[in-house]
Each structure stands twice: as C-alpha cells, then as structure tokens.
Amino acid sequence: MIVVTLFALIIASYCDLKWREVPDWISYGLIFAALGIRAIFSLSSGWEIFISGALGFGVFFGLSCLLYYSNQWGGGDSKLLMGMGGVIGIAYPFNSSSWNLFWFFLLLLSLGAIYGLLWVAGLATKERKKFVPDFKKNWNEHKTLHLILGIISLLLFVLFLFGLKYNFSFVWPLIPFPLITFYLFLFVTTVENSCFIMKREVTKLTEGDWLAEEVKVADKVVMKKKTLEREDLEELLRWHKEKKLDKVVIKEGVPFVPSFLFAYAALLLMIYLLGNIFIF
C-alpha cells in the first residue's frame, strides 16, 4: 500500500506542477488500488481491513464534496483526497491508530500552508515587476488600518510589560499577531490579484480551472464564476467554434498536490517514530 501510494502521489505531483492538472486515471486508480488491496488482504486477515478503508473513503468523500462544491478545491485535489481516505482508513475496531486519518488531514493543511506560502513568495519574486507596484498601491490604500494595528500591538506590548509584574506574561505571542496576520493577508491577496489572474484561450482550458470573471457572449452572462467541469468546457468550446468567445479570465492556484506527498511522508515518519501505529 505504501509503495503504491507514494508512486501515485509522486506522479500526481509531477502532473500538477507541470500541467496544473491531475489526470483522473491517477486519482481513480489510487481509490481502486487502495480498496482493492484491502479487499485482497481481507480474505486472509479479516474484513476489518476493508471496512477500515471504506470508512476512511466515506469520511473523505464527504469532506471532498464539501470542499469541491464550495469552490475551495478543484476536482483533482478532491478526488485525490478520497483516495487517501481509502489508503489510510479508519482502523476498525477503533483504537489509537484510528486517528491516522485526522493526523494526515492536519498535516495536509499545515504543511500545505507552509508550502503554499513558499510558492507564493517564489512567484512574487519571479513576477516582481507586476507584484511590487500592486503591493505598494495596496499598502498605501490601508494607511489608517496600519495605524490602528500599530496601536493595538503597542497596547498589547504595554499589557505584556504590565503582566511581567502580575504574571500575565503569556500575552507576549499576541503582540505581533495583528500586524503579521494583516500583512500576510495583504501579501497573499496582492500575489493572487497580480500573478494568478490571467486571460487564457478557450482551447487551452482544462477541467478544474477557476473562472475569475463571468463569461459574457453578446453582452449576456452565460457562465458565472465557478470551477470548470467537463460540461462547461464543452459549452465554452462551442462558443469558441462559433467565433463568439476567444479568451476567458481564470485564476490559477498554487499546485497543491505536492502537499499530499509531504503530508503522507510526514505521517509515515510519525508512524515510524511512534512505532505502534499501523497503516492498514
């Protein structure tokens, strides 16, 4: 199971980095492989192994649908998450290793956030000619907010000094929090607007691309902002063939699939160090 999963995640990560798309055969292949391997082992070791994978798949299936239909994740990421649910599973009967799925998702979010921030920083550096002017503009538009956050941080610092005498020094981590949160948000938002939003030819769209603006044909809105599905691509191509539509505005995202690989590798490391947790 580990070898198959690592192989699938490496291939999926390569595809996502190169083409911003994960082929369905990788995602569906991982789902069928995970449940299939569990079914084979269940014949000799008990059906609890298959039930564990089915439970994990079911939980992540629900979570994937929620993330996809709320336009938080693309189809490729969501399908891959389902596959990882089948791989890791929820141990049955329930024991300490039943939490492996939760730990994986927590690692996915935390390592994904770090990886995404590094990717955004790298993109901002690469596209600095577009990023720097936009960042300066956004910075100047929030002068009042800078002042308010500075005052809040100063008050927290005073509270920290006061707390040294009365044992309230635990507030020190909160001192830079308002400023760091705001400037991080300003940085990421600027990168998204200046580097992620672009016009793309209809013929080069792929399933899972995000429409950043409504699509209009003859001044009529024919498609709202959404994650493109296969039926949407067929409709856009039809308008393109009729010479009514050439390009649409999309928003590219951070290729998130490598985060699955990082999170799974980190989970395996945790299992190796803790010793008494099993995969299936």
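The expected span of a helix is 1.5 Å times one less than its number of residues. Helices (H or I, at least four residues) and strands (E, at least two) are DSSP runs, numbered from the N terminus. This is a predicted model, in which local features need pLDDT of at least 70, side-chain atom pairs count only at pLDDT 80 or more, and totals for chains, interfaces and linings use all residues. Residues are numbered from 1 along each chain as its sequence is written, and side-chain values use heavy atoms, with hydrogens and water left out.

Along the principal axes, its C-alpha atoms fill a box of roughly 75 × 70 × 30 Å. Of its 280 residues, 39% count as buried (under 20% relative accessible area, with a 1.4 Å probe and protein chains only).

Next, select helix α4, residues 75–88. Its 14 residues should span 20 Å at 1.5 Å a residue, and its end C-alpha atoms are 20 Å apart, which agrees. Because 13 of the 14 residues are buried, α4 is largely enclosed by the rest of the structure.

Finally, select helix α1 (residues 2–19) and helix α10 (residues 257–274), which pack at an angle of about 155° with their axes 7 Å apart. The two are therefore roughly antiparallel (an angle over 145 degrees), where axes are lines fitted to C-alpha atoms over the stretch in contact and angles run from 0 to 180 degrees between N-to-C directions. Residues in contact (heavy atoms within 4.5 Å) include Leu6 and Leu9 of α1 and Phe260 and Tyr264 of α10.

Conventions. Angles under 35 degrees count as roughly parallel, over 145 as roughly antiparallel, 65 to 115 as roughly perpendicular and the rest as oblique. Buried means under 20% relative accessible area, exposed over 50%, partly exposed in between (1.4 Å probe, protein chains only).
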